[in-house]
Structures are given as C-alpha cells and as structure tokens.
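Dear colleague,

Please find below the structure that I am handing over to you. My notes on it follow directly after the display.

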Amino acid sequence: MQAESLGFIFLNAAIVNNFVLALFLGICPFLGVSGKLDTAWSMGLATSLVMLISSVCAYAINSVLVNFELEFLRLIAYIAVIASAVQLVEMSMKRFSPGLFRALGIFLPLITTNCAILGLALFQTFREYDFLQSVAYALGAGAGFTLAIVLMAGLREKLELADVPSVSQGAAMTLMLAGILSLAFMGFAGLGGH
Amino acid sequence: MADRKADPSPIDADTFLEGLWRENPVFVMLLGMCPVLAVTNSVVNAIAMGVATTFVLLASSVLVSLLRNLIPKQVRIASYIVIIATFVTITDYVIQAVSLTLYNALGAFIQLIVVNCMILGRAEAYASKTRPLKAAVNALGMGSGFTIALLCLGSVRELLGAGTLLGFPVFGENFAPWVVMILPPGGFFVLGGWLLLFDWINQRNARKTEEAEVARAG
C-alpha cells in the first residue's frame with residue numbers, strides 16, 4: 001500500500017473509483033442538489049472542504065485511538081469530528097458568503113450525513129494511508145464528487161427542456177441519467193489497478 | 001417539555017404498514033440510497049444489509065423514544081447520532097464474528113449505516129415524539145419496507161447480472177449474463193426501472209379514479 005504514489009491516489013479517488021458513480025457514496029446530495037449548475041458547484045466545493053478537514057482530523061484521531069487501543073470508538077469519534085467540521089464550514093460560510101449560505105439551505109447541515117465523508121475517513125483508515133496519502137485521497141475524493149455533481153447538474157439543466165413522457169419525469173429519469181453517467185465512468189476502470 | 005409528550009393515538013395496522021408502501025423509505029421517500037445501490041448486487045448481501053439496518057433502526061428508535069424526555073432539544077441530533085453509532089458498532093462486530101465472508105462483501109457499508117438518513121430521519125420525526133412500543137412497531141415496518149426494497153433490487157440484479165438467484169442457477173447453461181447489472185451502472189438502472197414501474201402504477205390508478213368520478217358525475 002505504501003508504494004502507491006500521491007498522484008495515483010488522487011486520480012484513483014477522483015476518476016477511476018469515483019466516490020459517487022462507482023462507489024455509491026453521497027448519493028443523497030448527488031440527486032438532491034444537482035438541479036442547478038451553480039448550486040451544484042458550491043455544494044461540491046463545500047463538501048470537498050469538509051472532506052479535507054475531516055480527513056486530516058480523522059487521521060489524527062485514528063493515531064490517538066490506535067495508540068490507546070480504543071478502536072471500537074472509531075466510528076463515534078469520526079462522526080463527531082465530521083459534525084463539528086460541518087458546523088465550522090457552516091458558520092464561516094454564513095459569515096463570509098450569506099448568499100451561498102441561503103442557496104445551499106438544508107443541504108449544508110446534511111453534509112454531516114453524507115456517506116462520502118464518513119466513507120472517506122473509513123477507507124483511508126482501512127487502507128492505512130499515511131498523512132500525505134490521506135490528504136491526496138481527500139482532495140481526489142472532493143474533486144471526484146464535485147465533478148460528478150457538476151456533470152449531473154449540467155445534464156439535468158438540459159433535460160428540463162427535453163420532452164420526456166410524464167411518467168418518467170422526476171426521480172426515475174434522474175436515476176437513469178446517473179446510470180448512463182456511471183456507465184461512462186466505467187470506461188476509466190482500465191486506468192486503475194483495483 | 002410539554003411539546004414532546006407522547007401522542008395518544010393508538011397503535012394500529014397503519015403504524016406498521018405505512019413503512020411498507022405509502023411511505024416506503026426507498027421507493028417513495030428516496031432515503032438511504034447509498035446502501036440501496038451499493039450492496040444489492042446479490043440477494044444474500046441485500047438480505048444481510050436489510051436485516052442489519054432494521055436492527056439498528058429498531059434498537060435506536062426504542063432508545064430514542066425512551067430517552068425522549070431526557071435529551072435536551074439543543075443537542076438532540078448529536079445524541080441521536082451517538083445512539084445510532086453505538087448500535088452500528090455492535091452490529092459491525094456481530095457480523096464480523098458470525099460471517100467473515102459476509103463482512104468482507106459488505107465492506108464499509110455496515111459502518112456507513114450510521115449515516116443512513118432514514119434512521120436519523122425516523123429518530124427525529126417519529127421516535128422522539130412517541131411511545132417506545134409504537135416507535136418499535138413503526139421502525140419494524142420501515143425496516144421491512146427497506147429490506148423489501150433491497151430485495152427488489154438485489155433479485156433483479158442477481159438474476160440478470162449472474163443468472164442466479166441466491167446462488168442457484170436459474171436460466172440454464174446458455175444464458176449470457178448482463179454483467180453491467182452487477183456493476184455500478186446497473187444499480188442506477190434497476191432502481192430507475194422500479195421507480196418507473198411504481199410511477200406508472202400510481203398514475204394509472206389516479207387516472208382510473210378520475211374516470212370513475214367523471215362517470216359518476218355524468
């Protein structure tokens with residue numbers, strides 16, 4: 001595992017094993033906030049920021065927990081860290097960019113229950129990444145999430161104008177679209193070693 | 001605390017049944033999508049995930065309901081998450097002890113039950129406002145609805161993707177499996193397909209009721 005280069009980890013998390021389209025993490029915001037392009041952008045960036053913060057914190061906490069042989073507390077500790085990181089991002093966003101804060105609305109606190117973030121913390125622990133590798137992994141995952149949600153939002157804005165049968169409007173259509181997008185990302189699978 | 005007194009309505013069949021169909025967490029509310037799509041590539045995984053989630057939902061609903069008058073309003077979400085995380089840790093260790101194959105197949109998704117919005121949503125919207133027994137009945141209904149939805153996806157994906165059901169071959173020798181169904185895109189397609197089917201049924205029923213009313217009026 002130590003042999004993996006930082007660039008490879010980044011690309012792997014962002015494209016080959018894209019968090020949303022290949023690992024099914026963070027589907028709720030992916031389906032919920034991808035209606036408009038600019039909200040999708042901000043959601044992607046906010047999530048990436050929380051990912052980076054919680055990845056660093058999770059790395060630190062895990063070293064402490066392993067040191068004291070308290071691994072069974074890992075899950076509770078991680079989720080507490082993520083909740084605080086989200087709170088932090090929320091407060092600073094409210095202070096520095098109120099417009100964005102209003103646009104994201106309920107989805108901002110919901111980043112806490114975004115499985116992509118907890119998943120990131122858990123995966124980096126399972127794979128025993130060191131500090132720099134964890135940071136590269138978090139950046140890759142954030143980039144991948146942003147890429148997926150922005151692509152989806154672009155497609156859905158176009159789809160608004162399309163003439164689809166009334167029965168397939170809404171969630172069903174969105175899922176089919178996600179399926180096709182995921183199919184496209186399968187093409188990258190040959191790049192990785194997993 | 002007066003606003004969080006248990007609501008007096010009795011436990012009836014609807015307490016259980018609403019989770020199965022009218023408020024099905026997957027097909028109607030679109031909650032807890034991540035495990036729904038990720039672990040339903042075979043029937044066995046789907047059942048295991050459904051049972052594990054139902055257990056966590058049931059246990060945390062009862063505990064949240066018991067503690068509803070002790071938890072201060074300001075820290076309720078954090079408290080619910082800690083309660084849920086505790087039960088998920090228990091489930092995680094139990095599955096690891098019972099079957100290592102299953103544990104490896106489900107991977108991190110057992111621990112990710114913590115962030116299943118369905119469980120937190122039920123704790124916040126239902127269990128914190130009602131009696132333990134009623135919360136338990138409702139949680140069982142929701143859990144069953146979730147498990148059935150996972151089974152719907154899992155059986156279709158395993159049948160088409162591998163030509164087997166619960167590991168037994170169904171279609172005979174000459175069947176060429178649709179590998180894409182087991183891969184990630186298949187999850188999106190199958191769930192989209194089921195939603196289309198349910199939308200179609202609902203729309204047809206609505207049209208029938210409308211026609212019946214027009215006929216009666218005319």
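I begin with B:Val114: beyond its neighbours within four places in sequence, this residue is in contact with A:Leu75, A:Ile79, A:Leu118, B:Ile84, B:Ala85 and B:Val88. Two residues are in contact here if their C-beta atoms, placed from the backbone, lie within 7 Å.

Some conventions are needed before the rest. The structure is a predicted model, in which local features need pLDDT of at least 70 and side-chain atom pairs count only at pLDDT 80 or more, while totals for chains, interfaces and linings use all residues. Residues are numbered from 1 along each chain as its sequence is written, and chains are lettered from A and ligands numbered from 1 in the order in which they are written.

The core

B:Val114 belongs to the largest nonpolar core, which has 113 residues; together with A:Leu118 and B:Ile84, B:Val114 touches the most other members. A nonpolar core is a set of buried Ala, Val, Leu, Ile, Met, Phe, Trp, Tyr and Cys residues joined through C-beta atoms within 7 Å. A residue is buried if 20 or more other C-beta atoms lie within 10 Å of its own, exposed if 12 or fewer, and partly exposed in between.

Where the chains meet

Between the two chains, 32 residues of chain A are in contact with 31 residues of chain B. On the chain A side, H2 (27-32), H4 (74-96), H6 (115-126) and H8 each supply at least two residues. Helices (H or I, at least four residues) and strands (E, at least two) are DSSP runs, numbered from the N terminus. H8(A) gives the largest share of this side, 9 residues. By class, the side of chain A that touches chain B has 26 nonpolar, 6 polar and no charged residues. In this classification Ala, Val, Leu, Ile, Met, Phe, Trp, Tyr, Cys and Pro count as nonpolar, Asp, Glu, Lys and Arg as charged, and the others, Gly among them, as polar.

H8(A), residues 171-186, packs against H8(B), residues 184-217, at an angle of about 165°, with the axes 8 Å apart. Axes are lines fitted to C-alpha atoms, for helices over the stretch in contact, and angles run from 0 to 180 degrees between N-to-C directions. The two helices are therefore roughly antiparallel to each other; angles over 145 degrees count as such, under 35 as roughly parallel, 65 to 115 as roughly perpendicular and the rest as oblique. The crossing of H8(A) and H8(B) is left-handed, meaning that the near helix is turned anticlockwise from the far one by less than a right angle, whereas clockwise would be right-handed. Residues that meet here include A:Leu175, A:Met176 and A:Leu183 in H8(A), and B:Phe188, B:Phe189 and B:Leu195 in H8(B). This contact has 14 nonpolar, 3 polar and 1 charged residues.

Chain B

Chain B has 8 helices and 2 strands, in the order α-α-α-α-α-α-α-β-β-α from the N terminus. Of its 218 residues, 43% are buried. The buried residues of H6(B), residues 117-125, are B:Cys117, B:Met118, B:Ile119, B:Leu120, B:Arg122 and B:Ala123. They pack against H2 of chain A, and also against H3 (43-66), H4 (76-98) and H7 (132-162) of chain B.

Chain A

H1(A) and H7(A) have axes that come within 7 Å and cross at roughly 30°. These two helices are therefore roughly parallel to each other, and their crossing is right-handed. Among the residues making the contact are A:Leu6, A:Ile9 and A:Phe10 of H1(A), and A:Leu132, A:Tyr137 and A:Leu147 of H7(A). By class, the contact has 14 nonpolar, 4 polar and no charged residues.

H7(A), residues 131-159, also holds A:Ala148. This residue is buried, with 27 other C-beta atoms within 10 Å. Although A:Ala148 and A:Asn18 are 130 residues apart along the chain, their C-alpha atoms are separated by 8.1 Å.

Most residues other than glycine have a negative phi. A:Phe24, in the loop between H1 (6-16) and H2 of chain A, has a positive phi of about 60°, as does A:Glu69 with about 55°, in the loop between H3 (37-67) and H4 of chain A. Which of the two states, buried or exposed, applies to A:Glu69? A:Glu69 is exposed, with 7 other C-beta atoms within 10 Å, whereas A:Phe24 is buried, with 27 C-beta neighbours inside 10 Å.

With kind regards
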